[in-house]
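These are my notebook entries on one protein chain. I record what I looked up, entry by entry.

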Amino acid sequence: MRNDRPQPGRRDASQSASAGASFHEMWRELLPLGRHPDSGGYRRYAWTAADTECRAWFKQQAEARGLAYEVDRNGNQWAWLGDPAEGNAVVTGSHLDSVPDGGAFDGPLGVVSSFAALDELRARGVTFARPLAIVNFGDEEGARFGLACVGSRLTGGRLTVEQAHLLTDGDGVTLPRAMEAAGYDPDAIGPDPERLARIGAFVELHVEQGRALDLSGDRVGIASAIWPHGRWRFDFRGEANHAGTTRLVDRRDPMLPYAETVLAARREARLAGAVATFGKIAVEPNGVNAIPSLVRGWLDSRAADQEALDTVVAGIEEAARAHAREHGVDLDIVRESFTPVVEFDHALRDELARILGKGTDLGDTGLKVPVLGTGAGHDAGILSGRIPTAMLFVRNPTGVSHSPAEFAEEDDCVAGVLALADVLEGLAAGDR
Ligand SMILES: [Zn+2]
């Protein structure tokens with residue numbers, strides 16, 4: 001049995017059967033789409049057949065609720081209640097794409113909860129003084145083209161059209177060609193300031209990618225900040241040769257400094273209380289009996305603040321250069337992407353805390369809804385420099401994410417829906 005603290009929200013799950021029922025029905029429909037039969041994980045990569053199925057599901061949900069459906073110039077999907085031209089809209093949503101063999105919750109939990117929260121508000125008879133929208137941002141995970149949050153970056157002007165045209169997947173297909181193949185017009189992509197100007201607040205609900213809520217005994221939390229994070233490519237170039245006939249002393253084997261660099265990354269991250277991961281590697285010629293000519297490794301590193309991150313990455317680079325020299329190997333390091341620390345809008349965050357604390361036994365301000373930082377990037381973070389954004393996290397009992405083992409309890413998911421419904425009602429409801 002969990003020892004749960006009093007939970008945010010005015011209604012508990014038993015009082016809101018409608019939210020639970022609509023959540024579960026949508027969840028069941030979405031669950032098989034893009035799931036790989038062998039791994040049980042999801043392969044919902046941007047602009048692939050699996051992504052197209054998920055997008056069709058989104059459109060169907062919008063239309064079933066009589067919402068005005070549209071796709072913006074960057075392929076993000078929107079479902080509107082009320083007239084977007086009125087401005088000051090309250091927007092919620094997340095993404096439906098996945099990392100390779102990702103879990104069911106990262107992204108889809110936010111989109112499904114958004115529709116379920118709207119159903120809950122309609123069941124409550126809430127009318128809205130502000131336009132409301134649900135969004136599915138395209139290509140959030142960056143699994144196919146190597147850059148995360150492409151849909152929101154383009155919309156927010158954080159990725160230029162020229163840069164977007166250069167994005168290429170592992171098969172040599174560029175982003176524009178991939179969008180075109182999926183039936184979208186790649187010539188339209190670009191910044192969308194008019195759209196952002198209509199949004200007064202964006203709230204993204206997401207499964208927690210860590211165990212803070214599990215440890216505190218809370219179902220739902222509010223985000224404070226996203227750690228600064230980036231991706232660096234390390235190219236170690238040596239000399240290919242025969243694995244059987246080349247004496248050890250004659251080798252220029254790039255695998256050795258690469259291996260030392262992986263260990264250095266672990267050490268530097270531990271010392272700084274940060275994280276650093278080499279999770280992807282490419283080897284040439286990639287033969288069992290050949291000394292490699294090239295080892296290319298990608299570093300992902302994140303820390304609570306910029307200074308700590310700079311220290312970690314500088315330490316790893318220094319170790320990589322020293323070990324490359326030692327083994328007669330050339331090294332190039334390229335920073336492929338970087339996102340500075342994101343502090344979510346304080347006023348909106350406090351408003352969420354106020355709404356979720358209201359009407360509980362602890363009184364209007366008595367409930368302390370936990371406020372957490374996170375090492376994971378999100379569309380809400382990308383857009384935070386342009387519009388007020390906030391995030392809600394739903395408890396993840398193991399903290400596992402980006403894996404088929406990613407999980408949230410059904411009751412916690414419904415608690416998330418109700419918390420999101422309370423937030424949307426608090427932000428957007430008109431007089432009743
Ligand atoms: Zn996500």
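I began with a term: a nonpolar core is a set of buried Ala, Val, Leu, Ile, Met, Phe, Trp, Tyr and Cys residues joined through C-beta atoms within 7 Å. I took a residue as buried if 20 or more other C-beta atoms lie within 10 Å of its own, as exposed if 12 or fewer do, and as partly exposed in between, with C-beta atoms placed from the backbone. The model is predicted, so I noted that local features need pLDDT of at least 70 and side-chain atom pairs count only at pLDDT 80 or more, whereas totals for chains, interfaces and linings use all residues. Residues are numbered from 1 along each chain as its sequence is written.

**Entry 1: the core.** I found that the largest nonpolar core holds 113 residues. Val 312, Leu 392, Val 417, Leu 420, Val 423 and Leu 424 have the most contacts inside this core. Helix H13 (residues 410-428) gives the most to the core, with 12 residues. At least three core residues come from each of domain 1 (13-227 + 341-428) and domain 2 (229-339); the domain bounds come from an automatic or database domain assignment. In soluble globular proteins, nonpolar side chains tend to be buried together.

**Entry 2: helix H13.** Helices (H or I, at least four residues) and strands (E, at least two) are DSSP runs, numbered from the N terminus. Of the 19 residues of H13, 15 are buried, so the helix is largely enclosed by the rest of the structure. I then listed contacts, meaning pairs whose C-beta atoms, placed from the backbone, lie within 7 Å. Leaving out residues up to four places away in sequence, Leu 420 touches Thr 92, Ser 113, Ser 114, Ala 117, Leu 205 and Leu 392.

**Entry 3: the whole chain.** I counted 13 helices and 15 strands in the protein. The radius of gyration is 23 Å, close to the 22 Å of the globule rule for 432 residues, so the protein is as compact as a globular protein of that length. That radius is taken over C-alpha atoms, and the rule is 2.2 Å times the number of residues to the power 0.38. Buried residues make up 47% of the 432 residues.

**Entry 4: strand S7.** Two strands pair if DSSP finds at least two bridges between them. Strand S7 (residues 229-237) runs antiparallel to strand S11 (residues 294-302), with 9 bridges; Phe 236 has Val 295 as its bridge partner in S11. S7 is also joined to strand S12 (residues 330-339) by 9 bridges, again antiparallel, and Arg 231 is partnered there by Ser 337.

**Entry 5: backbone exceptions.** Most residues other than glycine have a negative phi, and most peptide bonds are trans. I noted a cis peptide bond between Glu 284 and Pro 285, with omega about 0 degrees. Pro 285 lies in the loop between strand S9 (275-284) and strand S10 (290-291). Asn 286 is found in the loop between S9 and S10 and has a positive phi of about 70 degrees. With 11 C-beta neighbours inside 10 Å, Asn 286 counts as exposed. Trp 47 has a positive phi of about 65 degrees and sits in the loop between helix H1 (17-30) and helix H2 (49-64). Trp 47 counts as buried, with 25 C-beta neighbours inside 10 Å.

Note on methods
Contact = placed C-beta atoms within 7 Å.
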